[in-house]
Amino acid sequence: MVDVPYELVEHVSWLVYARRCERRSRWRKLGCFRQALLVLVHLRKNETLPALAAGFGVSTATAWRYVDETLDVLAAWAPGLHEALTGLGEGDHVIVDGTLIPIDRIAADEPYYSMKHSKHGMNVQVIARPDGTPLWFSRATPGRTHDLTAARAHGIVQACLTRQILVLADRAYQGAGATFRTPYKNHREQPEHYQQFNRDHARLRAPGERAFAQLKSWRILCRARCSTRRIGTIVQAIHTLLTCSYSGGTVNRSALSHIRW
């Protein structure tokens, strides 16, 4: 059983159909709908490719090609940074935060080891609306990358400064300057109004955690077993799926259909 809306499977199948028409693909073992379902099971449940192949009656290599093709199709629909910030400007505020996507690596793989989380992983940045709705996810960088370094490298600091968008972030972004606002250090030793600022800041920034909660509800990101080069594509693909779920048109997130595969 996989808890995704039937409408979402249908929407992804139409995107796959469009790609097949574009490439003038020949006959395939699975139709567009079952290919879409295979990929959603993989993303939602983190099923291995051999298990997926056995469940859908195809070879492991075919399952891998279906997943790879569909991820590229979905990732292509994810918005870029400037596109995500369109419509926002002076007077608006967003929440910026980073998270670690755990991966399977050994101790020798230093660039992927995060001292903060004490595990190997990939760093992903998010820009979210005040209610926690994700606007944009960054590409994945090695886990030891500091959040502030990643924000600068992805152009988040400059993009928000250009549009004069107020950014609420945690202490990891102290020193970003521009339009970033972070909590005061050692606030318990500071005057009361400093402490009140930190409380208000935490209250306004808290909904940003919802963006990562929604991202990691897709279990493939609970512990990624794929190449680190593909994690960014997976994140972008899931963002597209989340965007479809938020829209009130084709996909209705509240109407969950339990689909047996």
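**Close-up views of a predicted model**

**View 1. Helices α2 and α3 pack against each other.** Helix α2 (residues 32-45) and helix α3 (residues 49-56) pack with their axes 11 Å apart, at an angle of about 145°. Axes are lines fitted to C-alpha atoms, for helices over the stretch in contact, and angles run from 0 to 180 degrees between N-to-C directions. Helices are DSSP runs (H or I, at least four residues) and strands likewise (E, at least two), numbered from the N terminus. The crossing of α2 past α3 is right-handed; a crossing is right-handed if the near helix is turned clockwise from the far one by less than a right angle, and left-handed if anticlockwise. On the α2 side the contact (heavy atoms within 4.5 Å) is made by Arg34, Leu37, Leu38, Val41 and His42, and on the α3 side by Leu49, Leu52 and Phe56. These residues divide into six nonpolar, one polar and one charged. Ala, Val, Leu, Ile, Met, Phe, Trp, Tyr, Cys and Pro count as nonpolar, Asp, Glu, Lys and Arg as charged, and the others, Gly among them, as polar.

The model is predicted: local features need pLDDT of at least 70, side-chain atom pairs count only at pLDDT 80 or more, and totals for chains, interfaces and linings use all residues. Residues are numbered from 1 along each chain as its sequence is written, and side-chain values use heavy atoms, with hydrogens and water left out.

**View 2. Helices α1 and α2 cross.** The axes of α1 and α2 come within 8 Å and cross at roughly 120°. Here too α1 passes α2 in a right-handed crossing. From α1 the contact involves Tyr6, Leu8, Val9, Glu10, Val12, Ser13, Val16, Tyr17 and Arg20, and from α2 Cys32, Phe33, Gln35, Ala36, Leu37 and Leu40. By class, the residues of this contact are 11 nonpolar, two polar and two charged.

**View 3. Trp14 and Tyr17 form an aromatic pair in helix α1.** Both residues lie in α1 (residues 6-23), three residues apart, about one turn of the helix. Rings of Phe, Tyr and Trp (its six-membered ring) pair if their centres lie within 6.5 Å; planes under 30 degrees apart count as stacked, over 60 as edge-to-face and the rest as tilted. The count comes to six aromatic pairs. The pair of Trp14 and Tyr17 is edge-to-face, at 5.6 Å centre to centre and 85° between the planes. Trp14 is exposed, with a relative accessible area of 57%, while Tyr17 is partly exposed at 42%. Buried means under 20% relative accessible area, exposed over 50%, and partly exposed in between (1.4 Å probe, protein chains only).

**View 4. Arg44 lies over the face of Trp218.** Arg44 is at 4.8 Å from the ring centre of Trp218. A charge sits over a ring if NZ of Lys or CZ of Arg is within 6 Å of the ring centre and within 35 degrees of the ring normal.

**View 5. Arg163 and Gln164 lie in the loop between α7 and β7.** Arg163 is found between α7 (156-162) and β7 (166-168), and Gln164 is in the loop between α7 and β7. Arg163 is partly exposed, with a relative accessible area of 24%. Not counting residues up to four places away in sequence, Arg163 touches His82, Leu85, Leu88, Gly89 and Glu90. Gln164 has a positive phi, near 55°, in a residue other than glycine.
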